[in-house]
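Let me put the structure on the page before I start.

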Amino acid sequence: TNAKQILVSELVLAEHASQEEVEEIYVPDLSGMSYLQAKDVLEGRGLYISYVSPRPANSDTMVISQQNIAHGTLVPKGKCINVELIDKDDSIYGIY
């Protein structure tokens, strides 16, 4: 009987945990921001950032051209937003 009580208690706890509200955050528009600016904005909202770039993300001329989740989308707190960086000084800016 103790084993049955423990199992029932664990099932109730698991069901309760799955019903808990997960805080959702609106994804901001990161386009044109530097990596560090975007990182600060996202971390301030409880989100994370990952990037693809041909150069180091901390370069002064690298800015965000794309993000994998559109701004205004609700995502769970802790979600990672993937961004693509381009060099704003390149003459082909805007083609990406």
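Which backbone oxygen lies 3.1 Å from a polar atom of the side chain of Gln67? I found the backbone oxygen of Pro28 there, a polar contact (a pair of N or O atoms within 3.5 Å; within protein, one must be able to donate a hydrogen and the other to accept it, and residues adjacent in sequence count only if both atoms are side-chain atoms).

A note on my source: this is a predicted model, where local features need pLDDT of at least 70, side-chain atom pairs count only at pLDDT 80 or more, and totals for chains, interfaces and linings use all residues. Residues are numbered from 1 along each chain as its sequence is written, and side-chain values use heavy atoms, with hydrogens and water left out.

Back to Gln67: I saw that a polar atom of its side chain also lies 2.9 Å from the backbone nitrogen of Leu30. I then placed Gln67 in strand β3, residues 62-67 (strands are DSSP runs of E, at least two residues; helices are runs of H or I, at least four; both are numbered from the N terminus).

Next I looked up the sheet. Its 3 strands form an open sheet in the order β2-β5-β3, with mixed pairing (two strands pair if DSSP finds at least two bridges between them). β2 (48-52) and β3 stand at the edges with a single partner strand each, so one side of each has no neighbour in the sheet.

I also checked β2 against β5 (residues 80-87): they run parallel and are joined by 5 bridges. Here Ile49 stands opposite Ile81 in β5.
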